[in-house]
Amino acid sequence: MPELPEVENVKISLEKQGFIGQEILKVELLRADLRVPFPKDLPRKLKGQTFAAISRRAKYLIFETEKYSLLSHLGMTGSWRPFDKKLKHDHIILHFKSGVKLAFNDPRRFGLLDMIDTKDLARSRWLKHLGPEPFAESFTGESVFQGTRKLKGPIKGWLMDQRRVVGVGNIYASEALFAAKIKPSRAAGKITRQEAELLVVHIRRILTDAIEAGGSTIRDYRNSEGKSGEFQTRFLVYDRAGEKCLRCKDGVIKSKVIAGRNTFWCPKCQR
Ligand SMILES: [Zn+2]
């Protein structure tokens, strides 16, 4: 499943490919829905609008025009690509005045496509409950420390809760907790102030590294240039159950389902 670094890479590659500034000539919907129905007036309203920006909020990719924004989520297998010929599972094709086209393809159809008035984006049903971005100034060691006091649930679940902070998905939660030497099952309320500071530093560093590496290629993720990421070769703990810990060279990596997802840690150097 694409996580924040992969979505950020899709955004970066769409920008590089010159989709900002493109005026929409026609929106071709090849089915009526993905996870939710496409708004019926989407083709009519987007016609003639120009992409002023492409942004990302959590794992949503947003094509902004002055009036309307096209909000998309890749779900499990969604992808955007410059269109040249039709492929199986293409569900939407944007035709631009310049002659270029952009297609959304999604074999498993857990993706999402919605249109929202740009001025109402932050209040929309998709974005209104979201916590801060991991790179936001408001996300700090102190905010993590204060936000976790007295909580008995595992810190890993807290990190993956989008109302607390967005974009720290399963893989990156395991990696950041390993880097900060915190056991994923530890009660969130037991994290010290110093550990909270460390956690924020490592979350940012790991996400930055992953974005720069083009994201991680889990299953069949590709950015819009058809390139896969390579960050998965740098996982220090994720998916290493039964292997010797790369840091202490003593512990054997364990795995267990925490917060609904497979979680990895070293029992020797994470407390
Ligand atoms: Zn270890």
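Are Cys-245 and Cys-269 buried or exposed? Cys-245 is buried, and Cys-269 is buried too (buried: under 20% relative accessible area; exposed: over 50%; partly exposed: in between; 1.4 Å probe, protein chains only). The model is predicted: local features need pLDDT of at least 70, side-chain atom pairs count only at pLDDT 80 or more, and totals for chains, interfaces and linings use all residues. Residues are numbered from 1 along each chain as its sequence is written, and side-chain values use heavy atoms, without hydrogens and water.

Cys-245 sits in the loop between helix H6 (193-212) and strand E9 (254-258), whereas Cys-269 follows strand E10 (261-265); the pair, 24 residues apart, links distant parts of the chain. Helices (H or I, at least four residues) and strands (E, at least two) are DSSP runs, numbered from the N terminus.

Helix H3 spans residues 141-148. Its buried residues are Gly-141, Val-144, Phe-145 and Thr-148. These cover an arc of only 100° around the axis, so they lie on the same side of H3 (arc: directions from the helix axis to the C-beta atoms). Their cover includes helix H4 (155-160) and H6 (contact: heavy atoms within 4.5 Å). Just after H3, Lys-150 has a positive phi of about 70°.
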